[in-house]
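Visitor: I am new to this structure and would like to learn how to read it feature by feature. Could we go through it together, with the general idea placed ahead of each case?

Guide: Gladly; let us look at it together.

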Amino acid sequence: MHGVLFVLIAVTVKMFYADSTWKLCGWTFLAMILSAICAGSNFVTALQGILCLGSALVLMLVYKRKAGFYCILPLIIYSIGFYISISAPGNEIRGSHFQGYGAIESILYSFVSAFKNFWELTGFRFFVVLALFLLMYN
């Protein structure tokens with residue numbers, strides 16, 4: 001599912017740079033299909049996908065791209081699918097066998113844990129590689 005998410009991100013980038021309305025409609029349709037597929041994947045991939053789509057929508061609106069309005073449709077489909085995936089009855093049954101939080105609480109606490117453990121997971125090498133990528137940007 002992570003590979004499908006990468007394709008969705010690539011399609012979203014193509015939407016950002018689409019030069020005609022027909023191409024934008026085609027990329028939007030493909031993004032809607034990929035959003036429906038990714039929304040039902042594992043929680044990590046689904047959460048990353050909704051964050052990427054939301055970020056892409058914000059960037060498109062900030063840069064006043066026409067694609068921003070088209071990006072709303074895949075984001076709505078993704079949000080509905082993500083909600084259905086999280087609220088599925090099987091999650092409650094599976095969660096009853098384990099101690100801990102429910103799906104929503106787990107996702108919220110994952111953000112807290114990510115901020116607490118940021119420097120343990122991303123070291124100096126991460127920022128060196130990021131700087132090298134920035135140098136390649138025209």
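Visitor: Which residues does L8 touch, if we do not count residues up to four places away in sequence?

Guide: Before the case itself, please keep in mind that this is a predicted model. With residues up to four places away in sequence set aside, L8 touches A31, L34, S35, C38, L53 and Y78.

Visitor: Which residues touch the most other members of the largest nonpolar core?

Guide: That core has 24 residues, and L8, M15, M60, Y78 and F82 are the ones that touch the most other members. At least two residues of this core come from each of α1 (2-16), α2, α3 and α4 (67-86), and α3 gives the most, with seven residues.

Visitor: How many helices and how many strands does the protein chain hold?

Guide: The protein chain has eight helices and zero strands, and read from the N terminus on, its elements run α-α-α-α-α-α-α-α. Of its 138 residues, 25% count as buried, while its accessible surface comes to about 9900 Å², with 72% of that belonging to carbon and sulfur atoms. If we take the contacts between residues at least 6 apart in sequence, 69% of them join residues at least 24 apart.

Visitor: What span should the 20 residues of helix α3 have at 1.5 Å a residue?

Guide: The expected span uses 1.5 Å times one less than the number of residues. For helix α3 (residues 43-62) that gives 28 Å, and because its end C-alpha atoms are 28 Å apart, the two values agree. The 20 residues of α4 should likewise span 28 Å, and the distance of 28 Å between the end C-alpha atoms of α4 agrees with this. Just after α3, K64 takes a positive phi of about 55°.

Visitor: Is S35 buried or exposed?

Guide: The cut-off needed for this step is that buried means under 20% relative accessible area. S35 has a relative accessible area of 0%, and therefore it is buried. This serine is found in helix α2 (residues 21-39), and, leaving out residues up to four places away in sequence, S35 touches L8, L53, P74, I77 and Y78.

Visitor: Where is S41 found?

Guide: S41 lies in the loop between α2 and α3, and because its relative accessibility is 8%, S41 counts as buried. Apart from its neighbours within four places in sequence, S41 is in contact with M1, A46 and S85, and the side chain of S41 reaches the backbone oxygen of C38 at 2.7 Å. S41 and F82 are 41 residues apart in sequence, with 8.6 Å between them in space, C-alpha to C-alpha.

Visitor: How many disulfides does the structure hold?

Guide: A disulfide calls for a pair of cysteine sulfur atoms within 2.5 Å, and the structure holds zero disulfides. C52, for instance, is in no disulfide, and the nearest cysteine sulfur, that of C38, is 10.0 Å away. C52 counts as partly exposed because its relative accessibility is 34%, whereas C71 is buried, with a relative accessible area of 0%.

Terms used: Residues numbered from 1 in each chain as written. Predicted model: local features only at pLDDT ≥ 70, side-chain atom pairs only at ≥ 80, totals over all residues. Heavy atoms only, no water. Helix = DSSP H or I, 4+ residues; strand = E, 2+ residues; numbered from the N terminus. Buried < 20%, exposed > 50% of the residue type's maximum accessible area, 1.4 Å probe, protein only. Contact = heavy atoms within 4.5 Å. Areas by Shrake-Rupley, 256 points an atom, 1.4 Å probe, with all protein chains shown as cover. Core = buried A, V, L, I, M, F, W, Y, C linked by side-chain atoms within 4.5 Å. Polar contact = N/O pair within 3.5 Å; in protein donor to acceptor, adjacent residues only side chain to side chain.
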